[in-house]
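Dear colleague,

I am handing over the structure that we spoke about, and I would be grateful if you could look through it alongside the notes in this message.

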Amino acid sequence: MPEMGLKDKVAIVTGAGSRADGIGNGRAAAILLAREGAKVVLLDATPAWAEATKKMIDSEGGASMVVQADVTDAASCAAAVKAAVDAWGRVDVLVNNVGIGGPPGSAVEVDPDAWDVAMRVNVTSMMLMAKYAIPEMRKVGGGSIVNIASIDGLRGGNPNLMYNASKGAVVNLTRGMATHHGPEGIRTNCIAPGYVYTPMVYARGITDDLRDKRAKTNLLQVEGSGWDIGKGVVFLASDQARWITGIILSIDGGSMAGTLNTVTPPTAFV
Ligand SMILES: NC(=O)c1ccc[n+]([C@@H]2O[C@H](COP(=O)([O-])OP(=O)(O)OC[C@H]3O[C@@H](n4cnc5c(N)ncnc54)[C@H](O)[C@@H]3O)[C@@H](O)[C@H]2O)c1
């Protein structure tokens, strides 16, 4: 039975801050990786938000450092990976967590320029971080990449077409990277979170009614949190997932398994 194997490994988590108090997906992943003994690079465009994550890790005795970087910029990604290597000598894990809701609207409504910007944030950034992290993983004989998509990358229905499109791209980016880098011991997996309650969702305001309705869209009828996603990240990053690559793990209270049928009476065909 493999151990977690994360002690003293170096993990970069992009978007490790949170835009408000509370626990986002990136923050949860960073804290949980640190709890397993990993040294965590808290990469964020807004260092103050990552500093808040660092304080939480410090309070538990974990090891982390904040690196300011913009994942849409190649030179910034390269510098962030270099900062990790300069500080701790290696890179073992990359969590590509940065993602935004992007511009609103259908194909008819959406602003094409804003679309391009958002695709760069949600998709291109993951290629850029991998571009610089993978050569470091090769030097240590392998590694693990976890990309954060969304259940909206596995089905339609988001009012923002850009979100459906970009998260769908993350899903197949994962499979492509798993194919390219599996033979060199670099595993690439994806988590497709359902509608979890994180600062990304509530920072701009959400009514209690909408929050409740959102939670009730899953089969378990229970609201998910950043911790639910973070736990999945740690598992996929760890040696316990040593034989897992190229998977899309939905963590969603069953949302992708089906929808509750509230229309058809159970006896309709008897
Ligand atoms: N909350 C949900 O219901 C939900 C559902 C499905 C998927 N997701 C996905 O989870 C991921 C985000 O989760 P979170 O909870 O950590 O979000 P968050 O908003 O709490 O944190 C995101 C962090 O990313 C940073 N960031 C944004 N753009 C950046 C850039 N260009 N370079 C560097 N850092 C940047 C922000 O400063 C912020 O600290 C996204 O990929 C999102 O699409 C969320």
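This is a predicted model: local features need pLDDT of at least 70, side-chain atom pairs count only at pLDDT 80 or more; totals for chains, interfaces and linings use all residues.

Residues are numbered from 1 along each chain as its sequence is written.

Some conventions come first. Helices (H or I, at least four residues) and strands (E, at least two) are DSSP runs, numbered from the N terminus. Axes are lines fitted to C-alpha atoms, for helices over the stretch in contact, and angles run from 0 to 180 degrees between N-to-C directions.

Helix packing

Helix H1 (residues 25-35) packs against helix H2 (residues 47-59) at an angle of about 25°, with the axes 10 Å apart. H1 and H2 are therefore roughly parallel to each other, where angles under 35 degrees count as roughly parallel, over 145 as roughly antiparallel, 65 to 115 as roughly perpendicular and the rest as oblique. The crossing of H1 and H2 is right-handed, a crossing being left-handed if the near helix is turned anticlockwise from the far one by less than a right angle, and right-handed if clockwise. On the H1 side Arg27, Ala30, Ile31 and Ala34 meet Thr53, Met56 and Ile57 of H2, with contact between two residues requiring that their C-beta atoms, placed from the backbone, lie within 7 Å. By class, the contact of H1 with H2 has five nonpolar residues, one polar and one charged; here Ala, Val, Leu, Ile, Met, Phe, Trp, Tyr, Cys and Pro count as nonpolar, Asp, Glu, Lys and Arg as charged, and the others, Gly among them, as polar.

H1 also packs against helix H8 (residues 226-237), at an angle of about 50° and with the axes 8 Å apart. H1 and H8 are therefore oblique to each other, and their crossing is right-handed. The contact is made by Asn25, Arg27, Ala28, Ala29, Ile31, Leu32 and Leu33 of H1 together with Gly226, Trp227, Ile229, Gly230, Lys231, Val233, Val234 and Ala237 of H8. In the contact of H1 with H8 there are 10 nonpolar, three polar and two charged residues.

Helix H4 (residues 112-139) and helix H5 (residues 161-181) pack at an angle of about 15°, with their axes 9 Å apart. That angle makes H4 roughly parallel to H5, and H4 passes H5 in a right-handed crossing. The residues that meet include Trp115, Met119 and Met126 in H4 and Met162, Leu173 and His181 in H5. The contact of H4 with H5 divides into 13 nonpolar, three polar and one charged residues.

The ligand shell

The ligand is surrounded by 30 residues, of which the closest are Gly15, Gly17, Gly24, Gly26 and Gly99; a residue is near a molecule or strand if its C-beta atom, placed from the backbone, lies within 6 Å of it. By class, the shell around the ligand holds 13 nonpolar, 14 polar and three charged residues. H1 and helix H6 (199-202) each supply at least two residues of this shell, and the largest share, three residues, comes from H6.

Single residues

Val13, in strand S1, is buried, with 35 other C-beta atoms within 10 Å; a residue is buried if 20 or more other C-beta atoms lie within 10 Å of its own, exposed if 12 or fewer, and partly exposed in between, with C-beta atoms placed from the backbone. Val13 and Gly26 are 13 residues apart in sequence and 6.6 Å apart in space, C-alpha to C-alpha.

Most residues other than glycine have a negative phi. Asp8, although not a glycine, has a positive phi of about 65°; Asp8 is found in the segment before strand S1 (10-14) and is exposed, with 12 other C-beta atoms within 10 Å. Gln221, also not a glycine, has a positive phi of about 60°, and lies in the loop between helix H7 (208-215) and strand S8 (224-225). With 11 C-beta neighbours inside 10 Å, Gln221 counts as exposed.

With kind regards
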